[in-house]
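Please look through the model below before reading on. The points that follow concern the ligand site and some aromatic residues.

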Amino acid sequence: MAEKELTLSIIKPDGVERNIIGRIISRFEKAGLTIRALRLTRLTREEAEAFYAVHRERPFFDSLATYMTSGPIVVSVLEGYNAIQKNRELMGATNPEKADEGTIRKDFAKNVEINTVHGSDAPETAAKEIAFFFPETELIKGNR
Ligand code: CMP
């Protein structure tokens, strides 16, 4: 049997502001993903720029950092078989106009920037992104 995998999820400021944290987390749980770590926090400008450093040269970088610091976010570590891909399927395409029916972004996202959730895109980025928010000691092993 394949190993369980970890991925980082962020409910972005628009999701927290609209009070849909529970509805989003419920989708993760219904899909068989379990929560290994969870925190409500607010990014500083420095942290937002560091988290999205790979996008530094993109024209939307400044605006993205402003949006990501505009209010609190919920960061969590999700665990499950194929968790990275599963979470990406639940989120849908970056641009909600291109997202499949029934996905989080199709149902909740405002536009390509204000898109409600973030999820790691590969095992290497998942490891980096999890470490960015959670020290190893905050990851709970075997929550069921
Ligand atoms: P996310 O999956 O967190 O990864 C990078 C983020 O940059 C993305 O979600 C969006 O919030 C934002 N983003 C990506 N593409 C664009 C774009 N073309 N214009 C504005 N923001 C974007």
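1. Are Phe-51 and Tyr-52 buried or exposed? Phe-51 is buried, and Tyr-52 is buried as well, where buried means under 20% relative accessible area with a 1.4 Å probe and protein chains only.

2. Please note that this is a predicted model, in which local features need pLDDT of at least 70 and side-chain atom pairs count only at pLDDT 80 or more, while totals for chains, interfaces and linings use all residues. Residues are numbered from 1 along each chain as its sequence is written, and side-chain values use heavy atoms, with hydrogens and water left out.

3. The structure holds four aromatic pairs, a pair being rings of Phe, Tyr or Trp (its six-membered ring) with centres within 6.5 Å, called stacked if the planes are under 30 degrees apart, edge-to-face if over 60 and tilted otherwise. The ring centres of Phe-51 and Tyr-52 are 5.0 Å apart and the planes stand at 85°, so this pair is edge-to-face. Phe-51 also pairs with Phe-133 in a tilted arrangement, with 5.5 Å between the centres and 50° between the planes.

4. Residues surrounding the ligand (a heavy atom within 4 Å) include Lys-12, Tyr-52, Phe-60 and Asn-115.

5. For polar contacts (N or O atoms within 3.5 Å), a ligand oxygen lies 3.2 Å from a polar side-chain atom of Arg-105, and a ligand oxygen is 2.8 Å from a polar backbone atom of Glu-113.

Note on methods:
Polar contact = N/O pair within 3.5 Å; in protein donor to acceptor, adjacent residues only side chain to side chain. Buried < 20%, exposed > 50% of the residue type's maximum accessible area, 1.4 Å probe, protein only.
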